[in-house]
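This report concerns the pockets and helix packing of one protein model. The structure is shown first, and the text then turns to its geometry.

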Amino acid sequence: MQIQTPDWVKHAVFYQIFPDRFAKSKQPRQRLLQNFMWEEWHEIPTLQGYKGGDLWGVMEQLDYLQDLGINAIYFTPIFQSASNHRYHTHDYYQVDPMLGGNQAFKDLLDAAHDRNIKIVLDGVFNHASRGFFFFHDILENGSHSPWLDWFKIEGWPLSPYDGNSPANYAGWDGNRALPVFNHDNPEVREYIMEIAEYWIKFGIDGWRLDVPFEIKAPGFWQEFRDRVKAINPEAYIVGEVWEDAREWLDGTQFDGVMNYLFAGPTIAFTAGDRVDVAQIEGRSYRPYPPLFAQEYGEKIQHVLELYPWPIQLTQLNLLASHDTARLLSITGGDQKSVELATLLLLTFPGAPSIYYGDEVGLPGALDPDSRRGFPIKSDWKLDVLDYHKQLIALRQKYCALRTGGYEILFAQGTVYVFARILGDEEIVVAVNVATESAHISFEMQVTDPGRSFKYADPKLLFGQGEFVWKEEGETRYLELSLPARSGLILG
């Protein structure tokens, strides 16, 4: 079969927003909560506290995002919920009133689309919450509830809050706050499909699917794709799958997954033994032990061979998210590790995703610390913001950095060099992760036997270092001198 993936995603730079923590509206708004005492914005967040970020605040920051070069936003859940992260969904048809409700979201969606910024929402369809009306009916009416078969009830009485008694129903990951849907029930299945269709018709540009691997009902995700794509063939469907995702990336289900298989090796290579192992505890991706360039190249080659090329170009590549510590904290506060990893992220096939605040040097240990309020401008690391802008601008300028092939040219010791090639557009990226300068020379070869480099007068597009392009007959060489802990882009 011919695999079809959304074209716009191949040219997207995503920005992941945790709505309670990115921005609070500075304008007078008609709010449901006028005088609530929010947590102090810049204090370390707590597991249950709210800081009061809202969708109006996001709308007021669209100029900032556009200036950064962002053209797609992925929101963690925005639907009504009794948690600051909103993975405990109460009502799938209502945007949380604390965020501004459905009207604020419609206004934001229109304002974003006016700027050609796409919006992808987080769909939590494996489980709901204790406050979800249909489950709440069971809590009130027990075995008399008409909604019994919508969940996995195992016995009586149910114990939604008392941990000393068995819950007697299935909760995701054993969490009784998150009752799991019975996806084998056709009514449940139809309910979820209609939610997906409703918001696509509302105007969103895609769904990020929370723990989709937990839904094992035959044909579920195939039907989900068919129904979403019937409304908008260019809608993006991306799953939260941390490991090998071939089961879901066959062209009949998702367009991509959150690419932790890229994140782990990239952090392990650029940060090496600087990785704070405490910040990756309990996570299934692998940013440790340290990797040398050859090992890194082998892991990246493996990732690139896992999925068909149209899928590679619509992977959601990332270095951190709301489910991890922030990159700066993972790397033990080492700014150069962050810069080198970001360089590799923004030159890799697939759509890069920046976790809000990473572009201004925001630290954060594991949850809840990784979900801090976006910093005030005086706390921004302007050099970090500057290289993010430079790298995003280069990605948008050169098609090869978005959809070109990926060729590893050199991977030895601490130096990794690769090319992104599309037609006559040839971009070379080099990284030296060592604490001392590196001097290398290598033949410019590609795997395509019918192709050779046409480089004539390469220019330094980003970074620092010295380079010499040599031709000896039909053979072409590149000599590079790279300072310690540095990278560059030639084109």
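Helix axes are lines fitted to C-alpha atoms over the stretch in contact, and angles run from 0 to 180 degrees between N-to-C directions. Helices are DSSP runs (H or I, at least four residues) numbered from the N terminus. The model is predicted, so that local features need pLDDT of at least 70 and side-chain atom pairs count only at pLDDT 80 or more, while totals for chains, interfaces and linings use all residues. Residues are numbered from 1 along each chain as its sequence is written, and side-chain values use heavy atoms, with hydrogens and water left out.

**Helix packing**

The axes of α8 (residues 260-271) and α9 (residues 293-306) come within 10 Å and cross at roughly 170 degrees. The two helices α8 and α9 are therefore roughly antiparallel (angles over 145 degrees). In contact, meaning heavy atoms within 4.5 Å, are L261, F262, P265, T266 and F269 of α8 with A293, Y296, K299, I300, V303 and L306 of α9. This contact of α8 with α9 has nine nonpolar, one polar and one charged residues. Here Ala, Val, Leu, Ile, Met, Phe, Trp, Tyr, Cys and Pro count as nonpolar, Asp, Glu, Lys and Arg as charged, and the others, Gly among them, as polar.

Helices α4 (residues 101-114) and α6 (residues 186-202) have axes that come within 11 Å and cross at roughly 50 degrees. They are therefore oblique to each other (the class left once under 35, 65 to 115 and over 145 degrees are assigned). N102, F105, K106 and L109 of α4 make the contact with Y198, W199 and F202 of α6; by class, these are five nonpolar, one polar and one charged.

Helix α6 also holds E197, which counts as buried because its relative accessibility is 15% (under 20%, with a 1.4 Å probe and protein chains only). Beyond its neighbours within four places in sequence, E197 is in contact with R227 and I231.

**Pockets**

A pocket is an open set of points on a 1 Å grid over the protein atoms alone, where a 1.4 Å probe fits, with protein on both sides within 12 Å along at least five of seven lines; lining residues have an atom within 4 Å of a point. Volume is the space filled by probe spheres set on the points, which are joined across faces, edges and corners.

| Pocket | Volume | Lining |
|---|---|---|
| Largest | about 890 Å³ | 32 residues |

Nearest the centre of the largest pocket lie H85, W172, D323, D367 and R371, and its lining has 11 nonpolar, 11 polar and 10 charged residues.

Conventions: Buried < 20%, exposed > 50% of the residue type's maximum accessible area, 1.4 Å probe, protein only.
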